[in-house]
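Try each task before you read its solution.

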Amino acid sequence: MQHAPAGAPQARPLFGGSLSAVLPHSSVDTSELREIPDNQEVFAHALTDQSLIIELVEFQAQVPDQDAARYHFEDIAGSNKAAEQGGFQVAGVEPVSQADLSLSDCSSAWILSGTQCVSKFNEEAKNTVTIHLALLRLPQFSTDVLISFNDPQSISPSSSSAASAGAHAQPWTQQDFQRLVQTLTLHDPGLFG
């Protein structure tokens, strides 16, 4: 059995150990703070307003692989009421090579970058959030795995998030997100029912 070198990030169990991944530093499991749906694992940065969501959703067979990340991004925008708040925009969608993934069971993988204008807790204040979305498609399990990295770019001074944006915080980076995506590993296919 190989051990990770001292100081190397350790994979963290997800969904009761059925999956695991290397999470960025300062990750706080929000299920310890509030109710989280069973199909999600949600982590917040301890000092910034960044968050990561790992979500298991129904495989959308009617959506071609190359369009699926955009489909889920627009679905998230709808849930966030982003269109009503000032809109959302996709900056780009790129395929991810199977060789770069630990989750070898996926039929295809994609990373989308975009922005959404959202309000937290139905506040009037609107925040511009860059969203990096990874989509790992598992048609054999009727599941799409979504990993969302929410990275606020401008926070309204009247938002409840304004106080939490720590001046001395070391924010998560796109590299932290990519490492999470690349290290996501399936241990128990029974997770998918």
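**Exercise 1. Find the strands that pair with β2 (19-22), and say in which sense they run.**

Step 1. Strand β10 (residues 185-186) pairs with β2 in the antiparallel sense, over 2 bridges. Strands here are DSSP runs of E with at least two residues, helices are runs of H or I with at least four, and both are numbered from the N terminus; two strands pair if DSSP finds at least two bridges between them. Leu19 has Leu186 as its bridge partner in β10.

Step 2. Strand β1 (residues 11-14) is also antiparallel to β2, joined by 4 bridges. Ala11 sits opposite Val22. The two strands form a hairpin with 4 residues between them, and Phe15 in the turn has a positive phi of about 50 degrees.

A note on the source: this is a predicted model, where local features need pLDDT of at least 70 and side-chain atom pairs pLDDT 80 or more, while totals for chains, interfaces and linings use all residues. Residues are numbered from 1 along each chain as its sequence is written, and side-chain values use heavy atoms, leaving out hydrogens and water.

**Exercise 2. Work out which residues of helix α3 (residues 174-183) are buried, and where they lie around the axis.**

Key
Buried means under 20% relative accessible area, exposed over 50%, partly exposed in between (1.4 Å probe, protein chains only). The arc is that of the directions from the helix axis to the C-beta atoms.
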